[in-house]
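Open the model in your viewer and keep the sequence beside it. This tour tells you what to select at each stop.

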Amino acid sequence: MFNMEVTGKISMIKSQAVGYITVLLVLVFIRCTDGEVDGNAKTVPWFGQPNIVFILADDMGWNEVSFNGADSFITPHINKLKDESVSLTQFYVHAVCAPTRAAFLTGKYPFRTWSDWRSEDFGKPSYLEKLGLELATNEEGEYTRRIHGLPTDELTIAEALRDLGYFTAIAGKWHCGEWLPEHLPMGQGFMHQYGHYAWGIDYTNYTIPHNAPARFAVYDWHRNQQPIQEQGYTTDLIANEVVRLLAGHRTENGDQPFFHYAAFNAIHGPLEDIPRYTDQLSKRQAALKCLDDAIGRIVAALDQYGFAENTFLVFANDNGGLRENMNAPYRGTKNTNYEGGVRVPCIVRWPSKIRPGTSNDQLVHITDFYRTFVSLAGGNASDRILDSYDMLSVIVNEDASPRNSIIYEVEGSVRPPAMRQGDYKLIGDELYNIAEDPYEQENLASAYPTMVDSLSALLDRFAGERPPMPDVSRLMVPALPWVYGESENLHAPEWIKDHVSRIRSMQPQIWAEGETPWPQAPKDGKILYTGDGR
């Protein structure tokens, strides 16, 4: 029922030159003999090691892309990509940004790595209260944040692909730890890093309100984990970086396959200083159209530089939109486990391998890209305990999905326990038949108490598999840094201090008791977002 296998690590390749050749020879032998990658995978023809590009949008609602209902003027490039792809219509993520990203990176449900709690939650009183914790204070008596990030003993998809000979790069939003070097992208398998570490950067001044709980700005824009001074709109800059790397890939890396993780912060708030389209569209629509431009440029670069035919390209979103009207016809929003919070658009293009312009209604979860990408690379992750299934035959051959369930939350998460099992979905004490009632209008809990008890027992079992809470006694020092990244802040240049000081001088200096520039923790699995959701 659930895909749980033995733990282990894919061994490190000590010498990249020798290791890469060895891996290729072994992989060709494996594919020529049986074509199987791991226990749950069906045979898929061996095409060599394709390039992999994973593009992730942020906070985009189900119906905000044109192919799900929005005006075709807003996302023409995404629409064109959809016409060249298969659309996964039952693709699921988690209710907020960081859990989805951690699930993608590890192939595990977020509760297993305590990634259902975001790093910034450990500087937010309303979230800490749910853990029975209080705001920490440093030796100077200042409130500060407890440090939390993606555990370093996890073998991320970037590490797995790097060890299989891939060049690995992230451009954009990380959101799996912003302070210690081991929690940052280059400590988690990425050979190239560009973008920001934390949750919701300003698109033009590259700062973010720091949850310490000091509310003042911190700088958060980096290349290879050093702060950089740039001008431009982050959506455009992220696309620029990916295109630049693609243009120079053969010169720099020869025929080495690549894995690009393009993690846009669009269309997460704040939606200010949008450079185009505001004379024709609302702020949110203009920001989305800028994102569409960026995706169009990345896809065009793959085509222009001759990578398209051999590139497995995915476009998806990290969670639902802020308001129900953005996710219609589905119920719910970001930070809830209703369909509108966790069911998102996902399209996959692989020319000559995937039938273009098709839809696939098989059940797929964000964790599944872990095994799928390892399988694409010719690797074998069968020695690891994962919640991931290899979906390559589902996507390429249109086979039935091996997945029958998804665990969204367990006891101890921010939101009530929730899971999908077959057609049924339990959210707290509410039960829905998603096959017959995808918009979750009829709570069947009173009609099917045995089903509620059965799913609740399963959730209790999974809650028992949550590891102990990680040590969060280490504090962020100083309480209010100039820039994220411990070593980067230690050597913060004067231009950062001047830039951040100017922005801080324009921020509110006093906040009323209980008021913050970020939303409070959800209550009873529900949340109300105001403004642009920052």
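**Stop one: a strand and its neighbours**

Select V53 and H260: V53 stands opposite H260 of strand 11. This is a predicted model, where local features need pLDDT of at least 70, side-chain atom pairs count only at pLDDT 80 or more, and totals for chains, interfaces and linings use all residues. Residues are numbered from 1 along each chain as its sequence is written, and side-chain values use heavy atoms, without hydrogens and water.

Now select residues 258-263, which form strand 11. Strand 11 runs parallel to strand 1, with five bridges between them. Strands here are DSSP runs of E, at least two residues, numbered from the N terminus; two of them pair if DSSP finds at least two bridges between them.

Next, select residues 311-317, strand 12. Seven bridges tie strand 12 to strand 1, again in parallel. Find L56: its bridge partner in strand 12 is A316.

**Stop two: both faces**

Select residues 51-57. Seven of the seven residues of strand 1 are buried, so the rest of the structure largely encloses the strand. Buried means under 20% relative accessible area (1.4 Å probe, protein chains only).

In a regular strand, side chains alternate between the two faces of the sheet. Colour N51, V53, I55 and A57 for one side, then I52, F54 and L56 for the other; both faces are covered.

**Stop three: a cavity**

Select S115, W117, L150, H175 and C176. Of the 14 residues lining the second largest cavity, these lie nearest its centre. A cavity is a set of points on a 1 Å grid over the protein atoms alone where a 1.4 Å probe fits but cannot get out; lining residues have an atom within 4 Å of a point.

Definitions and conventions: 1 Å grid on protein atoms, 1.4 Å probe; cavity = no way out; pocket = protein on both sides within 12 Å on 5 of 7 lines; lining within 4 Å. Buried < 20%, exposed > 50% of the residue type's maximum accessible area, 1.4 Å probe, protein only. Helix = DSSP H or I, 4+ residues; strand = E, 2+ residues; numbered from the N terminus.
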